Amino acid sequence: MKSLDKYYLEATDRWQTLQTSSVPVLYVGAATCGRAAGAGDVIKRLQAEIRDKHVDVKLVEVGCLGLCCFEPLVVVHKPGSPQVCYGKVDPDKSAGILERYVLGTDPCAKWALGTTTDGRLDGVGKLSEHPMMTGQVRHVLRNCGVIDPKDMGHYMARDGYRGFLRALEVGPDKTLEEVKKSGLRGRGGAGFPTWQKWQFCRKAAGEPKYVICNADEGDPGAFMDRSIMEGDPYSVLEGMAIGAFVIGAENGYIYVRGEYPLAINNLSIAIEQTRSMGLLGDDILGSGFSFNLEIVKGAGAFVCGEETALIASVQGDIGSPRQRPPYPAQAGLWGKPTNINNVETWSNVPAIIRQGGDQFAGSGTDRSKGTKVFSLVGKVKNTGLVEVPMGTTMRQIVFDIGGGPQKKRQFKAVQSGGPSGGCIPASLLDLPIDFDKLQEAGAMMGSGGLIVMDERTCMVDVAKYFLAFLVDESCGKCTACREGVAQMHNVLVRICEGDGRDGDIELLEQLGSYVKETSLCQLGGTAPNPVLSTIRYFRDEYETHIREKKCRAGVCKSLVRFVIDAEACKGCGLCLRDCPAEAVSGEKQEPHQINAELCVQCGVCYEDCPFDAVTVE
Amino acid sequence: MIKLTIDGQQVEVEPGRTILDAAKLAGREIPTLCHHPAVPPAGACRICVVEIVAGGRPGLVPSCAYPAQDGMEIQTCSERVLQSRRMTLQLLLARSPGSEVIQEMAAEHGIKEIPFPKQTGESGDDCIMCGLCVRLCQQIVGASAICFDGRGPDRKVSTPYADRSDVCLGCGACAFVCPTGAIDPAEYCPNPIEKIPNEFNCGLDSRTPIHLPFPQAVPNKPLIDRENCIRFKTGGCGACADICPAGAINYDMTDEFVEEDVGAIIVATGYEIMDPSVYEEYGYGRYPDVVTSLEFERMVSASGPSNGELTRLSNGKPPKSIVFLQCIGSRREKNGKPYCSKICCMYTAKHTILYKHKVHDGQAFVFFMDVRAGGKNYDQFVRRVVKEKQATYLRGRVSKVYARGDKLMVRGADTLSGTQIEIAAEMVVLAPALVPSSGIRDLSQKLRVGYDEHGFLLEAHPKLRPVDTNTAGVFLAGACHSPKDIPESVAQAGAAASKALGLICHTRLSREPTIGIVDESSCNGCFECEGVCAYGAIGPRELTDKKGNLLATVAFINEGLCQGCGACAATCRSKSIEVQGYRDDQLFAAINAIHR
Amino acid sequence: MIQQASDSTDNSKWQPRIVAFLCNWCSYAGADLAGMSRFAYPAAIKIVRLPCSGRVDPMFIIKSFEQGADLVLVSGCHPGDCHYTSGNYHARRKLLAFRELMTFLGIDPRRFKISWVSAAEGAKWSSLVKEITAEVIALGPFENYSKLRAGGIAE
């Protein structure tokens, strides 16, 4: 304990020193999203500049702030000035910022997104007042993009492991009581009360018991868990340690998909550091409680996000789910009681224990407490990670935080919950988001993916896209999912190709409800959701596809004919230049035409036209 | 016990049982495909879904894999269940349109057409991906020779790395359990699949390692063949014990020696037929359509390998012409048995009738040496066969059987017309010589019963004591003694039984008087005699005077044990043992008498 | 006795005399079968029936020669087939040792035969007797003990 206290002091001191550093510090968002946008090159360039210029500037790689559409992000700490966050930084810009602001006086306000600490800087607003940040409440993401995820000291300085220490102090019963008070529900999708899950496992007969972190984030367009693991891995480890302490488990596994190498790397480092601190391992801090953690890499099967399939995969078997009961809490890993929670759930736990369940329960709705992290993507201006209290409306997220659809297009729907979720139409935009409300609307919370669609999205095509994904990802074990989803996909393909028949919608509904109630696991149990919810809210689009053989959104190639509105066309020639089939003709400044026989319906002209003169007939 | 309601009917089951088990108890039929009582359930095919109405999470669940719970209320054929089942069948039919099992099930559920495209091409096979074979191979057989490859609609049953692996035992259990008959173990096994020949059907079909030896066996109970049983081969499986409701299967049972004290023994070990492949001219073993009379007997039997349908082993078609060859090895001095096998004439005549019964327009020929139909009504029977033209009888022998096309050419002599004959037959039936059961020599030496050069056991006297042997208490019945037909065997068995009863029904045993006696006055107690006595009849006896002082220890012969062989008498140096009736002086007198 | 002795010296009138000790169960039954099957064989052989070949005491053989036998045969069950389990083995061991001592007794060992004939071997018995009769005719009469007989010692 003494050495731990000393470490807290030392870490806090180090953190404070960094915050009030007398030399400039550059924080670069180096999570996967940042790297994909070019953060690696920015770091290299900055390192070279710092070396060449012989200046005393510190460079710290941090996680993701969540402002993904503005990546790469660089936050500059200049002694005596408030910290400034810059967005869309390329190597040249980074050199410019170093030269002009860090070493000079020009804050480069046009590149700045806002200040992240108190104090004023000319021409730069507060980041918290940035439209994408207002309305957000950062609990889970509080460390992401702020601390160095490879330095445990940063986490410890920000009250790291205080929750775990408190749990050790008050004992498992009171700890469980706090979780119950908090009303925390599983963030993986189904929203099962976490305390209840823990209690089942805790009471289950059988030794040893296991805890597992489900980090097999497979939904297309979802990356909350990845960002947490990359930006704040310690919170996951601490949450698991608390859970294991309550349940009485001595071993834990983190099942991460192999596609997340950076998350695996950061988690591995975090486990190593935590172990060397004596917060993992045998007889932790002399409490008698032992806990060991291991990372298991998944091979990227969507179905392995399902509990029983995940367990099978950890055991080295084929990742196929099995019929429940018995539930994992009774007979899970190696046939022993096992508790599985999602990354975000675990990550929520330390703060609940540290600050008490009541504080957590203070935000959110009646039956859904706390905050939820969403990954906002699709045809929306501001994409990225968004953490809002439960009960926030879809409109707030899409329009206030997300800035609404791009190019002033008409909003059409939000797909919530990934392939297992459903589409929420504009009419339900004012729905307060929580587990139950989404379920009622035919969608689901899922892990928190939100895909925004506008008028140019074909809902039949969306359903087809998700089903194609699910056909590929179905494990193939049960007839309902393997054959049923494939046949639903077949029907959707035929509708999109203009071969739809009367009765196809009813057939889809019939198949959909069959697959839903007959499938073995929740992959099949939710697979028809994209189809059923789009039929529910956009039945007319299906009917147009089947009866009129038309796709108004201009997506289903067989059902689209592009024409140029002669009145709107200004004869700019963009479409003429880009058409791969040379189907567009027309003189400059004159209205252009599309030769329907040559047109391959690629839609390039439709996308290109700055005057929206290309229309779908 | 767990109480639940199935279709309104109360059932009680043990904890751990599934809804399917409970439904069976309630007498409710639930269709299954991927379920096998010996294999842990998977709930993969979803055909067995039932509806939980109350007492559990309401909804459809697979009855084969869902544990019965207290207070559950189950509907096995609600509209919701039937709708789901119909859809499952439609989907399976789209996948495996050619599978008869699925077609039948679909028809039973009133499915006439499927509203979506049939899967054709590679995946459009009979395999419905239920995975029963894979589970069986991994969890029961313990070989893990087959597995799934790929996922979703591309899933297929394959081997690890699509390689034939030596871990495959070639047991064929996968094909045995496959509900649609879609799996061929030969596709996976690197070694030829060796089926276990069914001994009772002369190896014409196969059997499982656990099997009934033959219909109406006594006792009529299955036995496990350790050589082939996977449990004994790999330590896995154990499926039969799992599913036996009586818990009657015990793998620890071993063969044991049973010792019984008996007063009489009847030897009735029967006969075998000799292997006719030693006579190459008949082509047995070379041509599949050359069969023995015993094989023919099984082929036409209703409980035989083809359920009584007579078909050629070469092409599965009924033989339109058939030739019966008698005396194969019998009455053959050179390379054969000099004796007549006695039963062949009659059973061949019967076989010709059975043949005509199976193949109405077929033609039968019989090559014979003599028709020996001695016995009550026997000759009339054979004459009827000839007269009714069931078969053409040809007196003569066959020199060669050879193949031409898909026919067997039988070349022989008809000695009555003095011509050479060649018949194009589709099947040839040989009547091989009868020989005693193998192992008869070991048995006869144990029983001290004599046997002839062919191994047939010797009676005590050919005319006067035909059922006895020279060993008291051992009697003979049936073909262990000589080739016999059924009435003769039954008669001899009856005689042997009454002889045995005659022996053991007495309270006292009479014995021969010719046993050894010790002259105690001259015996010096060397006990050489004790070593040569095969019956342990000789032991020591202490002679004492009236005061009880030990005078001498001499040999003593137990009258009950002594058989009177005289080995002791010939061994005794002091000439102190004599065999009554064969005393030295008697024998010397006999020797002297010869020379008088 | 004297008459017999003088007879035996007269080769023209000499008829061989063979004494055979047969066990009751095999060889005697075999001989019986030969008779029953009407297999003819020389009448020179005279049979003494014993329970077992194991009953044969070498003294019986010597006595036979002394009494004027030209050849002695002991026949029992085939090895393994003895009615008394092992009597024929005892006989074989004892009588083969005895044959080694026959020269010492002044008897040509070729005049002593051991054979195994089973109850089923009537034909074998017949050919065996023919064979040894031919052999003893080739050997001629056994006269070494004729003086003993003349002196009447044996009686």
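**Close-up views of a predicted three-chain model**

**View 1. Helices H8 and H10 of chain A pack against each other.** The axes of helix H8 (residues 194-203) of chain A and helix H10 (residues 233-247) of chain A cross at roughly 45° and come within 8 Å, where axes are lines fitted to C-alpha atoms, for helices over the stretch in contact, and angles run from 0 to 180 degrees between N-to-C directions. H8(A) is therefore oblique to H10(A), given that angles under 35 degrees count as roughly parallel, over 145 as roughly antiparallel, 65 to 115 as roughly perpendicular and the rest as oblique. Helices (H or I, at least four residues) and strands (E, at least two) are DSSP runs numbered from the N terminus. A:Trp198, A:Cys201 and A:Arg202 on H8(A) meet A:Gly243, A:Val246 and A:Ile247 on H10(A), and the residues of this contact divide into four nonpolar, one polar and one charged. For these classes, Ala, Val, Leu, Ile, Met, Phe, Trp, Tyr, Cys and Pro count as nonpolar, Asp, Glu, Lys and Arg as charged, and the others, Gly among them, as polar. The model is predicted, and local features need pLDDT of at least 70, side-chain atom pairs count only at pLDDT 80 or more, and totals for chains, interfaces and linings use all residues. Residues are numbered from 1 along each chain as its sequence is written, while chains are lettered from A and ligands numbered from 1 in the order in which they are written.

View 2. The domain assignment of chain A gives domain 1 (5-132), domain 2 (152-361), domain 3 (371-454), domain 4 (459-548) and domain 5 (561-616), with bounds that come from an automatic or database domain assignment. The centres of domain 2 and domain 3 of chain A, taken over C-alpha atoms, are separated by 27 Å. Across this boundary, 16 residues of domain 2 of chain A are in contact with 17 residues of domain 3 of chain A, two residues being in contact if their C-beta atoms, placed from the backbone, lie within 7 Å. Helix H9 (residues 224-231) of chain A supplies the largest share of the domain 2 side, three residues, and that side divides into four nonpolar, six polar and six charged residues.

**View 3. Chain B touches chain A.** Here 28 residues of chain B are in contact with 25 residues of chain A. Strand E4 (59-62) and helix H2 (79-95) of chain B are the elements that give two or more residues to the chain B side, and H2(B) gives the most, with seven residues. By class, this side of chain B has 18 nonpolar, six polar and four charged residues.

**View 4. Chain B touches chain C.** Of the two pairs of chains in contact, chains B and C share the most contacts, with 28 residues of chain B in contact with 28 residues of chain C. The elements of chain B that give two or more residues to this side are helix H14 (567-571) and helix H15 (584-594), and the largest share, seven residues, comes from H15(B). The side of chain B that touches chain C has 14 nonpolar, 10 polar and four charged residues. Chain A and chain C, by contrast, do not touch, their nearest C-alpha atoms being 64 Å apart.

**View 5. The overall form of chain B.** Chain B has 15 helices and 27 strands. Its radius of gyration is 35 Å, well over the 25 Å that the globule rule gives for 596 residues, so chain B is more spread out than a compact globule; the radius is taken over C-alpha atoms, and the rule is 2.2 Å times the number of residues to the power 0.38. The C-alpha atoms of chain B fill a box of roughly 115 × 85 × 45 Å along the principal axes. The domain assignment of chain B gives domain 1 (2-108), domain 2 (132-187), domain 3 (196-243), domain 4 (262-508) and domain 5 (516-595), and 31 Å separate the centres of domain 1 and domain 3 of chain B, taken over C-alpha atoms.

**View 6. Helix H3 of chain C and the residue that follows.** Chain C, with six helices and four strands, follows the pattern α-β-α-β-α-β-α-β-α-α along the sequence. In helix H3 (residues 58-66) of chain C, C:Phe60, C:Ile61, C:Lys63, C:Ser64, C:Phe65 and C:Glu66 are buried; a residue is buried if 20 or more other C-beta atoms lie within 10 Å of its own, exposed if 12 or fewer, and partly exposed in between, with C-beta atoms placed from the backbone. Just after H3(C), C:Gly68 takes a positive phi of about 115°. Of the 155 residues of chain C, 48% count as buried.
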